[in-house]
Amino acid sequence: MAGTALSPGEAVSVRVQDVTLPDGEFGEVLVRVGESRRVPVSPDVVGVLRRWIDEAGLEAEDLLFPAERGGALASSEYKRAWRRARQAVLSPDEVQAGLGEQVSSLRDSCLDRWLEAGVPAWGVAEWAGVSASWIALRYPHRFRLEDIEIDWEHLEESLRLPGIPER
């Protein structure tokens, strides 16, 4: 979830056959919840997923993140695991302050990292299965004008009215 911006509901429905995991390269996850879409997977996450599939002995038709008995992972199970993970890596003050309280924090941080890396908002929106306007409203700090270099000469040329002589 942290590297693919999948929602918990999407992550629990991914099957092994829905992931492409080339060695040392970007892979992808085919998300079949709602309107199908493909989401990139960084080479680091590809390696983690490959090891997970091998160690768990998962087959192509198996869920990528199955419950103990192989069925779908219930929300209570992944929420419990998330609480334990937060307590393991965060200080008591950070836990008390609510840092990363929701599992969806993983999705939010991934979307923000993609924007920070320069992926256009429409691309992030497509990968996340949301609209570009939702991205702009959710992450306004990534769209500040002072962070953008404007080619003023090109802008002037693009906006020049036809038939108006140059100065």
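Here are some friendly notes on the structure above, point by point.

1. **Before you start.** This is a predicted model, in which local features need pLDDT of at least 70, side-chain atom pairs count only at pLDDT 80 or more, and totals for chains, interfaces and linings use all residues. Residues are numbered from 1 along each chain as its sequence is written, and side-chain values use heavy atoms, with hydrogens and water left out.

2. **Salt bridges.** A salt bridge here is a side-chain nitrogen of Lys or Arg within 4 Å of a carboxyl oxygen of Asp or Glu. How many salt bridges does that rule give? The count comes to six salt bridges. One of them joins the side chains of Arg38 and Glu28, at 2.9 Å from N to O. This pair links distant parts of the chain, with Arg38 in strand 3 (residues 37-41) and Glu28 in strand 2 (residues 27-31), 10 residues apart. Helices (H or I, at least four residues) and strands (E, at least two) are DSSP runs, numbered from the N terminus. Arg38 is partly exposed, with a relative accessible area of 48%, and Glu28 is partly exposed too, at 26%. For these words, buried means under 20% relative accessible area, exposed means over 50%, and partly exposed is in between (1.4 Å probe, protein chains only).

3. Follow Asp108 next: its side chain meets that of Arg138 in a salt bridge of 2.7 Å, N to O. The pair links distant parts of the chain, since Asp108 is in helix 5 and Arg138 in helix 7 (residues 132-138), 30 residues apart. Arg138 is partly exposed, with 44% relative accessibility. Asp112 forms a salt bridge as well, with Arg142, and the closest N and O atoms are 2.9 Å apart. Here Asp112 sits in helix 5 and Arg142 in the loop between helix 7 and helix 8, again a link between distant parts, 30 residues apart. Is Asp112 buried or exposed? Asp112 is buried, with a relative accessible area of 18%, whereas Arg142 is partly exposed at 29%. Elsewhere, salt bridges that share partners join Glu10, Arg37 and Arg107 into one network.

4. **Aromatic pairs.** Rings of Phe, Tyr and Trp (its six-membered ring) pair if their centres lie within 6.5 Å; planes under 30 degrees apart count as stacked, over 60 as edge-to-face and the rest as tilted. By this rule the count is two aromatic pairs. Trp114 and Trp127 form an edge-to-face pair, with 4.9 Å centre to centre and 75 degrees between the planes. Trp114 lies in helix 5 (residues 105-116) and Trp127 in helix 6 (residues 121-128), so the pair ties together parts that are 13 residues apart in sequence. Trp114 is buried at 12% relative accessibility, while Trp127 is partly exposed at 24%. For Trp134 and Tyr139, the ring centres are 6.3 Å apart and the planes are at 75 degrees, so this pair is edge-to-face. Trp134 is partly exposed, with a relative accessible area of 32%, but Tyr139 is buried, with 4%.

5. **Surface patches.** Patches are made of residues with over 30% relative accessible area and no salt bridge: like charges are joined within 9 Å, nonpolar side chains (Val, Leu, Ile, Met, Phe, Trp, Tyr) within 5 Å. Lys79, Arg80, Arg83 and Arg84 gather in a patch of positive charge on the surface. Within that group, Arg80 is placed in helix 3 (residues 75-89) and is partly exposed, with a relative accessible area of 39%. A nonpolar surface patch of about 540 Å² is made by Leu145, Ile150, Trp152, Leu155 and Leu159. Leu159 belongs to helix 8 (residues 152-159) and is exposed, at 59% relative accessible area.

6. Ala88 is in helix 3 and counts as exposed, at 65% relative accessibility. The C-alpha atoms of Ala88 and Pro8 are separated by 20 Å, and the two residues are 80 apart along the chain. What about Ala5: buried or exposed? Ala5 is buried, with a relative accessible area of 0%. Ala5 is found in the segment before helix 1 (8-11), and its phi is near 60 degrees, a positive value in a residue other than glycine.

Terms used:
Areas by Shrake-Rupley, 256 points an atom, 1.4 Å probe, with all protein chains shown as cover. Lys, Arg positive; Asp, Glu negative; His and termini not counted. Charge placed at Lys NZ, Arg CZ, Asp CG, Glu CD.
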